[in-house]
Amino acid sequence: MSSLRATPLWQLTATRVREFAREPEAVFWTFFFPVVIALALGIAFSGGSEQPVIVAVYESDGPLLADALRASDRLDVRVLSEQDARDALRRGDVALVVTGGGADAIVYQYDAAREESRLGRLLVDDVLQRAAGRTDPRPTEDVRITEKGSRYIDFLIPGLIGLNLLSTGLWGVGYTVVRMRSDRLLKRFATTPVRRSDFLLSFMLGRLVFLAAELALVLGFAWLAFRVPIRGSLFTLAAVATIGAFSFTALGLLIASRARTTESVQGLMNLAAVPMWVLSGVFFSASTFPDAMQPFIQALPLTALNNAMRAIMLDGAGMVDIAGSVAIVSAWGAASLGAAVAMFRWR
């Protein structure tokens, strides 16, 4: 053990751990920020009563239209002037504007790209058609889905873990390397027997030291606050998260391998991260994008990681079931680390 502690890799890894622990900002963003996001979105989208859709009607149409709509507890009706209603729709304060009535046709003004507006249009039309005497030929029944594993918060937590692994891998590692280069600290290593591979691996090993605590905090909070299930093996989940942490840390090292200033590395990290934030299914399903984009989206490491973690947590999948996703994440990590070692320079 004493001989291991004397190796450069051990000393560099211990240094990385101490540096991280001494930065309160890094501790907050790594451990507590995902919990804050999970709490906020979990409260907003899980459980509780259904929020009514806000719609606006013109004052000039009289009270009959507004009174008919207020018969539904799923609608929040605002009576506004024509200009105020249009402004509210433009700002997103209301989902749609309803005009007309009487002998005139009902007119719906809304943004078809907004899901809330499309839902509001269906609800309003149903209320008005029933008020006009329409009857349904067949009875219907609504079944509210509250089963754990089928809620938005259950979908969200694996995505938040993946997003946090990406963010800490890029900014927590890549930014640190470039800052050391710009402060001329890396230049001193050129005169030492420390190998580039040991230096880069120390960042990856240092990142893993805190990974278990990070996962335990987020998953523990998700279970205690929202009863988010973990139907698969905890060991498999931890293994996949470890592979993801390795991959994103290697990607951060690759981005920082030649960058000389913090400004340049920030641009490169945003170039790598922003597409994955948007496309990789963190806050909503990646399947919402066009089919032509799916091969590119599914090849992204964050998409593969999110798919694998959701399969484990929500479907009880094993390593064999997610082998394809794990292979994609591993390939990104291996390629990034190999390229980083080849391209890295002390100066």
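**Figure 1. Arginine 227 in the loop between α10 and α11.** Arginine 227 is partly exposed, with a relative accessible area of 35%. The model shown here and in the other views is predicted. The loop that holds arginine 227 runs between α10 (211-226) and α11 (234-256). The backbone at arginine 227 has a phi near 55°, a positive value in a residue that is not glycine. Most residues other than glycine have a negative phi.

**Figure 2. Leucine 237 and arginine 310.** Leucine 237 belongs to helix α11. Its relative accessible area is 1%, so leucine 237 is buried. Arginine 310 lies 73 residues away along the chain, yet the C-alpha atoms of leucine 237 and arginine 310 are separated by 9.5 Å.

**Figure 3. Tryptophan 171 and alanine 256.** Helix α7 (residues 152-182) carries tryptophan 171. With 26% relative accessibility, tryptophan 171 counts as partly exposed. Between tryptophan 171 and alanine 256 the C-alpha separation is 9.9 Å, while along the chain the two residues are 85 residues apart.

**Figure 4. Arginine 151 in the loop between α6 and α7.** Is arginine 151 buried or exposed? Arginine 151 is buried, because its relative accessible area of 16% falls under the 20% limit for that class. From C-alpha to C-alpha, arginine 151 and glycine 42 are 9.6 Å apart in space. In sequence, 109 residues separate arginine 151 from glycine 42.

**Figure 5. The salt bridge of aspartate 125 and arginine 121.** Side chains of opposite charge can pair when their charged atoms come close. A search of the whole structure finds 8 salt bridges, and one of them joins aspartate 125 to arginine 121. The closest N and O atoms of this pair are 3.8 Å apart. That distance counts as a salt bridge because it is within 4 Å. Both residues lie in helix α6 (residues 115-131). Aspartate 125 and arginine 121 are 4 residues apart there, so about one helical turn separates them. Aspartate 125 counts as buried at 18% relative accessibility, whereas arginine 121 counts as partly exposed at 27%.

**Figure 6. The salt bridge of arginine 114 and glutamate 116.** In this pair the closest N and O atoms are 2.7 Å apart. Arginine 114 is partly exposed, with a relative accessible area of 22%. Glutamate 116 also counts as partly exposed, at 37% relative accessibility.

**Figure 7. The salt bridge of arginine 78 and aspartate 76.** A distance of 3.1 Å separates the closest N and O atoms of arginine 78 and aspartate 76. Arginine 78 counts as partly exposed at 36% relative accessibility. Aspartate 76 counts as partly exposed at 25% relative accessibility.

**Figure 8. The aromatic pair of phenylalanine 284 and phenylalanine 289.** A pair of aromatic rings is described by the distance of the centres and the angle of the planes. The structure holds 3 aromatic pairs. In the pair of phenylalanine 284 and phenylalanine 289, the ring centres are 6.0 Å apart and the planes stand at 40°, so the pair is tilted. Phenylalanine 284 is partly exposed, with a relative accessible area of 40%. Phenylalanine 289 is buried, with a relative accessible area of 17%.

**Figure 9. A nonpolar patch of Val274, Trp277 and Val278 on the surface.** Together these residues have about 230 Å² of accessible area. Valine 274 sits in helix α12 (residues 262-279). With a relative accessible area of 33%, valine 274 is partly exposed.

**Figure 10. A patch of positive charge on the surface.** Which residues gather in this patch of positive charge? They are Arg196, Arg258, Arg260 and Arg345. Arginine 345 lies in the segment that follows α15 (323-343). The relative accessible area of arginine 345 is 37%, and arginine 345 is therefore partly exposed.

Note on methods:
Residues numbered from 1 in each chain as written. Predicted model: local features only at pLDDT ≥ 70, side-chain atom pairs only at ≥ 80, totals over all residues. Heavy atoms only, no water. Patch = residues over 30% accessible without salt bridge, like charges linked within 9 Å, V, L, I, M, F, W, Y side chains within 5 Å. Areas by Shrake-Rupley, 256 points an atom, 1.4 Å probe, with all protein chains shown as cover. Salt bridge = Lys/Arg side-chain N within 4 Å of Asp/Glu carboxyl O. Lys, Arg positive; Asp, Glu negative; His and termini not counted. Charge placed at Lys NZ, Arg CZ, Asp CG, Glu CD. Helix = DSSP H or I, 4+ residues; strand = E, 2+ residues; numbered from the N terminus. Buried < 20%, exposed > 50% of the residue type's maximum accessible area, 1.4 Å probe, protein only. Phe/Tyr/Trp six-rings, centres within 6.5 Å; stacked < 30°, edge-to-face > 60°.
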